[in-house]
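Trainee: I have a model open and would like to learn how to read it feature by feature. Could you walk me through it?

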Amino acid sequence: MMKRREMPESLKRIRHSLAHILAEAVLEIRPKAQLGFGPATDTGFFYDFLLEEPIGADELPAIEERMREIIKKGISFERQEFSPEEAVALLEERSEQLKIEYCKDLVEVQGQTSLSFYQSGSFLDMCEGPHVEKSSQIRTNAFSLDSVAGAYWRGDESRPMLTRIYGLAFENSKELREFKRLRELAKQRDHRKLGRELELFFISDQVGPGLPLWLPNGAVLIEEIEKLAKEMEFRYGYVRVVTPEITKGALYKTSGHLPYYKDSMFPPMKLEGEDDYYLRPMNCPHHHMIYASRPRSYRELPLRLAEYGHVYRYEKSGELAGLLRVRSMNMNDSHMYCMPDQVKGEFLRVLELHKFYYDLFRIEDYWVRLSLHDSDSWKFAGNAETWARTEAMAREALEESGFPFDEVAGEAAFYGPKVDHQMSNVVGREETVSTTQLDLVMPERFNLTYIGPDGKEHRPVIIHRAPLSTHERFIAFLIEHLGGAFPTWLAPVQIRVFPVGADQEEYAANVVETFRDKLLRAELDTTSESLNKRIRNAELAKIPNMLILGAREQENGTITWRRKAVKAQATLPVEEFERIVLDLRDRRTMDNFADVKVPGFAE
């Protein structure tokens, strides 16, 4: 558990300044280019251009070299303030149509009364800053241009497509080299790449984008993670429900998903003589209907309903990304219906469950974000008093938990604040992996009540939680976090057995059968390739346990055991190996890490 890493102000200034220097260099070779935006990013910077002639990746080295020449001049970055009229006149004189549009938006929509520009050498750009004082503060060996991509003006698909040039930038060359090294490692660990190589899932054009097909190996991951969740939820007092994947549209009018969430829902199914039906984007309304199916007493609360529910969301095709952003997903969902004085305790138990899962998977690089509403946005249901109450509840629980957290406005669910668990991959790409939400809106919308000790009706508070996120997103993260090398309890194939020769095949087959009788996922490799090649194939497939059975092992009733995580090997009786592996499985030991001690194994 860690606090979110903030970009140092000095680095933000360097990156933003490099974006301006990039724009100046591009204008030297494309003087008619229209300027878009050029911000700092988590790894560097980019600038968007509307070009008459395209810029290709092969031109980046020359542009990069020109940037270094500009930096060496020691130019200053000087802020200038203009009135709206002066700013528009200046931009019109320079024929910067994109900037004129944005300038008018800042004035007419956001009400700005002055606009800032930065002058650096011969380059002038409308910009809020900040920047370095002089370009000599930028090390010429600590940045590089990275790639060229397309980006719609202001993110609107109906607007012009701009050329976006990305750059990397750090405070020194060592950090730049380290980032590139880690990025190469991330490419090797990319869940889409490993998903193909390990035969976990694939996405078929004939089925549709964002609709993953889980192969047998991937299905094992799903089943094992779901089994883990069901066991833990049983211990924490949850009860399981099963609900349909479609519903009448009226349910989502009550919940507010129509209209608040309509853009992320698949279009309705129109049936003759019946109401419109929708594929569900959330499980929540179905669970609320179960709660409302009969009168409830305070003695039943908290009521914890859990389901691995299949949901569907219409993500835009440009936003789909392997398993991270999909249109079909299975969510580790639960809704807890509480009395107000139970909320903090339940919330703390949810955070405790999050921590258990992250500790189990040895996930350390994560932090917590309290996502609040934005009072200026129409996208949040409820009133100011309701939001103030729920945000105060979430904040109080977080403060008592001891988890360090950041607060971010505008990132809440439309019905309540969220506690988001943010994780980063090898190169620091941030993703929201799991979430917990507080909700006072849906009890009102669905008229949910319970009879209190006073004999009167009261509204419950709802906690929405999904500590293991969706199968799709959590498994994508796990693949990259573990590099596809899963522990024995989770591995699609737990044991692969290699008879050295034909004389050992019967013995090996009997050993495999013994393991399978204990529900261990063991398989026999009797292919015609050499033993070394078969072992090498198992290593590439990231099999955690490889057993070699030669004449000596056959004679003694033993196996020679090689673990994926370590170089050493051990020879021991079949029964002892079986006992150890069953213990690894049942305890869900993360034996894919070399520092984990495995009983009976040679140190």
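Mentor: We'll go through the sheet, the salt bridges, the surface and a few backbone details.

Trainee: What kind of model is this, and which pLDDT do local features need?

Mentor: This is a predicted model, where local features need pLDDT of at least 70, side-chain atom pairs count only at pLDDT 80 or more, and totals for chains, interfaces and linings use all residues. Residues are numbered from 1 along each chain as its sequence is written, and side-chain values use heavy atoms, with hydrogens and water left out.

Trainee: Okay, sheets. Which strands form the open sheet, and in what order?

Mentor: Start with the terms: strands (E, at least two residues) and helices (H or I, at least four) are DSSP runs numbered from the N terminus, and two strands pair if DSSP finds at least two bridges between them. Here, four strands make an open sheet in the order β1-β2-β7-β6, with antiparallel pairing. At the edges sit β1 (34–35) and β6 (143–152), each pairing on one side only.

Trainee: How many bridges hold β2 and β7 together?

Mentor: Six bridges, in the antiparallel sense, between β2 (residues 44–50) and β7 (residues 161–169). To find one on screen, pick Phe49: its bridge partner in β7 is Thr163. Then look for helix α2 (residues 60–72), which packs on the sheet and touches β2, β6 and β7. Contact here means heavy atoms within 4.5 Å. The direction of α2 makes about 120° with that of β6; axes are lines fitted to C-alpha atoms, for helices over the stretch in contact, and angles run from 0 to 180 degrees between N-to-C directions.

Trainee: Next, salt bridges. How many are there?

Mentor: The general idea is that side chains of opposite charge can pair when their charged atoms come close. The rule asks for a side-chain nitrogen of Lys or Arg within 4 Å of a carboxyl oxygen of Asp or Glu, and by this rule the count comes to 44 salt bridges.

Trainee: Which residue pairs with Arg79, and where do the two sit?

Mentor: Arg79 bridges to Glu128, with the closest N and O atoms 4.0 Å apart. Arg79 is in strand β3 (residues 77–82) and Glu128 in the loop between β5 and β6, so this is a link between distant parts of the chain, 49 residues apart. For burial, buried means under 20% relative accessible area, exposed over 50%, and partly exposed in between (1.4 Å probe, protein chains only). Arg79 is partly exposed at 42%, while Glu128 is exposed at 52%.

Trainee: What does Arg183 pair with?

Mentor: Asp146, with the closest N and O atoms 2.7 Å apart. This pair also spans distant parts of the chain: Arg183 lies in helix α5 (residues 173–189) and Asp146 in strand β6, 37 residues apart. Both ends are partly exposed, Arg183 at 23% and Asp146 at 29%.

Trainee: Why does the pair of Arg459 and Glu444 tie together separate parts?

Mentor: Their side chains meet at 3.5 Å, N to O. Arg459 lies in the loop between β20 (457–458) and β21 (461–466) and Glu444 in helix α13 (residues 441–445), so the pair ties together parts 15 residues apart in sequence.

Mentor: Patches are made of residues with over 30% relative accessible area and no salt bridge, joining like charges within 9 Å and nonpolar side chains (Val, Leu, Ile, Met, Phe, Trp, Tyr) within 5 Å. Here Ile246, Met269 and Leu271 form one, with about 230 Å² of accessible area together; areas come from the Shrake-Rupley method with a 1.4 Å probe, and for residues only the protein chains shown count as cover. Met269 sits in the loop between α9 (257–260) and β12 (277–279).

Trainee: Last one, the backbone. Where are the cis peptide bonds you'd show me?

Mentor: One joins Gly129 and Pro130, with omega about 0°, and Pro130 lies in the loop between β5 (123–126) and β6. Another runs from Leu301 to Pro302, with omega near 0°. Check phi too: Arg362 has a positive value near 55° without being glycine, and so does Arg588, near 55°. Arg362 counts as partly exposed at 29%, whereas Arg588 counts as buried at 12%.
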